[in-house]
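Please view the sequence and the model before reading on.

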Amino acid sequence: MAPSASPMLSIPASRPNVYTGNPLDRASDLRDDAGVMEALLARDDALFVPVWRGRSLLRGVGENRPETVMLRNGAAGALRAAGGAWCFLGLLGPEAKDVAGDRLGATPVYALDCSDAEDPLPLLPEGAGEFTDIRPLASLLPAGEASILAHARGMMHWRTRHRFCGVCGATCEPRSAGNVVVCTNCGTSHFPRTDPAVIMLVIHGDRCLLGNSTRFPDNTMYSTLAGFVEPGESLEEAVRREVLEESGIRVGRAFYHSSQPWPFPASIMLGFHAEALTEEIAIDPSEIRDARWFSRDDLRRPEALGIRLPRADSIARRLIEDWLESP
């Protein structure tokens, strides 16, 4: 199949992705000031975002009206006493990002891990909520809250899995208010890791390519292709390689759309629309159960085909929806 006769143009993002728009001033310039950090941590209005085995604390889940629960210092006392990992996330408030304003008048916010507890609820105030996976609910939360929960989840995943040095194996200790860990033996500093992954909607004319991944729990959901960027590889090269490996389709131009933090556990998704140069599909069965070309009309009524599209919180869904609405 030859490239489309009409040139494919970049499709702009119609709105911000879920988990973006973090309202916190991360205040990285303050993290190594022990006096400031000690004072912020002791404040009565300090807020703690609990994380239990990758799950966040929410109310109203059963009613499908989720609300984020952040605990004030006093209410978080039992959790803090349990000795789990914690870190400073940033400052929250209208003046928090105004460097000229009183930044320290904003509310300090912390992530706090309680994964060592088999049942964390006795450590919480009565009726505080329940721990749940935020991904099915994130699109129902205010954008800033979903971003803070994802931030906390990502940091606690990193902290609980980097207790030992990757260089010499010795114990690591937290520094910079929990945002860095340092080896107690060789002194190596270890920083939070985010793995870049490309995710792309492959397009030709009025059709796009979607696949059913072996990672999906059933064979009805069709989504965009995706994969991690390898060392020494540009993003565009990663797009072309991943599409070819998974589907056998050759891709020409790739146009950046937007990005989305995806700390489940530690990625950032870099979204593209990509131009197909070939048509014949040859899937990698270890990665993909099935891949098909779909028209715009197909995807406007996916239930008629017996398929589902990705969840509303995903950049995959945004790539599809913005293409559907494009000229």
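## Pockets, cysteines and a loop serine

The second largest pocket holds about 490 Å³ of space. This is a predicted model, in which local features need pLDDT of at least 70 and side-chain atom pairs count only at pLDDT 80 or more, while totals for chains, interfaces and linings use all residues. Residues are numbered from 1 along each chain as its sequence is written, and side-chain values use heavy atoms, with hydrogens and water left out.

A pocket is an open set of points on a 1 Å grid over the protein atoms alone, where a 1.4 Å probe fits, with protein on both sides within 12 Å along at least five of seven lines; lining residues have an atom within 4 Å of a point. The volume is the space filled by probe spheres set on the points.

Around the second largest pocket there are 27 lining residues, and H151, G154, M155, T194 and P263 are nearest its centre. At least two lining residues come from each of α3 (143–160), β14 and β15; helices (H or I, at least four residues) and strands (E, at least two) are DSSP runs numbered from the N terminus. The most, 7 residues, come from α3.

β13 contributes the most to it, with 4 residues.

The table divides each lining by class: Ala, Val, Leu, Ile, Met, Phe, Trp, Tyr, Cys and Pro count as nonpolar, Asp, Glu, Lys and Arg as charged, and the others, Gly among them, as polar.

| Pocket lining | Residues by class |
|---|---|
| Largest pocket | 17 nonpolar, 8 polar, 12 charged residues |
| Second largest pocket | 11 nonpolar, 11 polar, 5 charged residues |

The model has 0 disulfides, a disulfide being a pair of cysteine sulfur atoms within 2.5 Å. C87 is in none, since the nearest cysteine sulfur, that of C114, is 14 Å away. C87 counts as buried (under 20% relative accessible area, with a 1.4 Å probe and protein chains only) because its relative accessibility is 0%. C114 is also buried, at 5%.

S115 lies in the loop between β6 (107–113) and β7 (130–132). With 16% relative accessibility, S115 is buried. Its side chain reaches the backbone nitrogen of R53 at 2.7 Å. Beyond neighbours within four places in sequence, S115 is in contact (heavy atoms within 4.5 Å) with V51, W52 and R53.

Terms used
Buried means under 20% relative accessible area, exposed over 50%, partly exposed in between (1.4 Å probe, protein chains only). A polar contact is a pair of N or O atoms within 3.5 Å; within protein, one must be able to donate a hydrogen and the other to accept it, and residues adjacent in sequence count only if both atoms are side-chain atoms.
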